[in-house]
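Take a look at it first, then read on.

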Amino acid sequence: MSQPLTPPEDRTSRSEQAYQNILDGIREGTLKPGHRITEIEISTWLNMSRTPVREALRRLETAGLLTNTPYSGMQITRLGYQEVMELYDMRVVLESTAAGLAAKHASDAEIYSLNEIMKRYEAATTPAEQARHNRVFHHALAYAAHNRYLLKSLNSIRDSMILLGTTTFEVEGRAQQVVQEHRNIINAIIARDSQAATDAAALHIREAQKARITLLGEELEED
């Protein structure tokens, strides 16, 4: 054998790296919904061999982030209006459950972390920065629920969220509205009031859904 076999963990690591890089490309707008991609194109872009890229693309397709259609090939998935609404409906269910569980199980350190994240959010000056700190907040809230199966479901939903493109913080007043909504969730968790935390998180996602509908309407007008 002229060349040693590649250790499985190295191959997995490169595949995961390719997966995350493609996700970042979609999130940052380098790869837009509807954009046609090929294995060769992505391999060249990432400067990787085709094997880990192929594995990453298969994983993305399984997750629904890539769509393989006859004649058109593989494309970044473009969500329709109904799919967007269904995505937010699932966020209501999962994230309100996470907040309710966090009120029961979050440690003092996790509550402190949520407050610190909110301080950074409030200090942010651009929608992109606010969106980044918002993602961190929701990620920390999911971990504070201390339920591995819920966390897995939320991570899947968050991957799908990057297909939405423009952040709802582009809607006038939304970024400021989020401050109070997040504070209501944190206060309910501090009070160990599971129902109040559940209700506050559900309201927060419903308000985000309204902002998303506003953005979708503006996009239709532009088209």
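This is a predicted model: local features need pLDDT of at least 70, side-chain atom pairs count only at pLDDT 80 or more; totals for chains, interfaces and linings use all residues.

Residues are numbered from 1 along each chain as its sequence is written, and side-chain values use heavy atoms, with hydrogens and water left out.

Let's start with the whole thing. The protein has 9 helices and 3 strands (DSSP runs, H or I of at least four residues for helices and E of at least two for strands, numbered from the N terminus). In sequence order, they run α-β-α-α-β-β-α-α-α-α-α-α. The C-alpha trace spans about 65 × 50 × 30 Å along its principal axes. Of the 223 residues, 42% are buried, meaning under 20% relative accessible area with a 1.4 Å probe, protein chains only.

Now for two helices, with the expected span being 1.5 Å times one less than the number of residues.

| Helix | Residues | Length | Span | Expected span |
|---|---|---|---|---|
| H6 | 127-144 | 18 residues | 25 Å | 26 Å |
| H8 | 174-190 | 17 residues | 24 Å | 24 Å |

In H6, the buried residues include Gln 130, His 133, Asn 134, Phe 137, His 138 and Leu 141. Just past H6, His 146 has a positive phi of about 55°.

Which residues of H8 are buried? Among them are Val 178, Glu 181, His 182, Ile 185, Ile 186 and Ile 189. An α-helix has 3.6 residues a turn, so residues three or four places apart point the same way.

How values were computed:
Buried means under 20% relative accessible area, exposed over 50%, partly exposed in between (1.4 Å probe, protein chains only).
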